[in-house]
Amino acid sequence: MLAATTVTALAVGTGTSVAAPAPAAATYNKECGAGYAHVNQIPIPGRGTVFLAYNAAAGKNCVVTKRDTSSGSPLWVGSWLQRNQELKSKQEQYGFFTSYSGPVYLDAKGKCVDWGGEIDGYVVARYKTNCGTLV
């Protein structure tokens, strides 16, 4: 049934069909600041990407959740970060944003981190990653 509907819609139109261009994927642009290097990411398909960055000199992690596009209406976007299984260490930022949420920072030198983000109800996370050398 869907194929018939699509064909009908094309026949009624101008006779040509052009797919809408896919939005450019979000990229990390040093939103965490100087000294922070991009070390990991989680895509949110069709919406954006959650980026994890690390500053070795400071021993701090940073998370930013970026939308694929910064045009249009603000959407609910969130970023969070914590030392692995340490709920008391959790740092987070949520709100309505047109481009990105964060940065959120956490001192986690030599520790594994749990981190993630959300865009418009689509939630992604990783747990016990980017572990430093445990001394």
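Good morning. I begin with one cysteine: Cys112 is buried, at a relative accessible area of 10%. Here "buried" denotes a relative accessible area under 20%, "exposed" over 50%, and "partly exposed" the range in between, with a 1.4 Å probe and protein chains only.

A word on the basis of these values. The model is predicted, and local features need pLDDT of at least 70, side-chain atom pairs count only at pLDDT 80 or more, and totals for chains, interfaces and linings use all residues. Residues are numbered from 1 along each chain as its sequence is written, and side-chain values use heavy atoms, with hydrogens and water left out.

To which residue is Cys112 joined? Its disulfide partner is Cys131, with an S to S distance of 1.9 Å; a disulfide here is a pair of cysteine sulfur atoms within 2.5 Å. Cys112 sits in the loop between strand E6 (100-107) and strand E7 (113-119), while Cys131 belongs to the segment after strand E8 (122-129), so the bond ties together parts that are 19 residues apart in sequence. Helices (H or I, at least four residues) and strands (E, at least two) are DSSP runs, numbered from the N terminus. Because the torsion about the S-S bond of Cys112 and Cys131 is about 110°, this disulfide is right-handed.

Cys32 and Cys62 are linked with their sulfur atoms 1.9 Å apart. The torsion about this S-S bond is -85°, and the link is left-handed. Distant parts of the chain are connected in this way: Cys32 is in the loop between helix H1 (2-12) and strand E1 (37-44), Cys62 is in strand E3 (residues 60-67), and 30 residues separate the two. Are these two cysteines buried or exposed? Both Cys32 and Cys62 are buried.

In total, the count comes to 2 disulfides. Counting bonded cysteines along the chain, the pattern is 1-2, 3-4.

Finally, the sheet. An open sheet is formed by 4 strands in the order E5-E4-E7-E8, with antiparallel pairing. Which strands lie at its edges? They are strand E5 (91-97) and E8, each of which pairs on one side only. From one strand to the next, the twist averages 5°, where axes are lines fitted to C-alpha atoms, for helices over the stretch in contact, and angles run from 0 to 180 degrees between N-to-C directions. Strand E4 (residues 75-83) and E7 run antiparallel and are joined by 7 bridges; two strands pair if DSSP finds at least two bridges between them. Gly78 stands opposite Glu118 in E7. Thank you.
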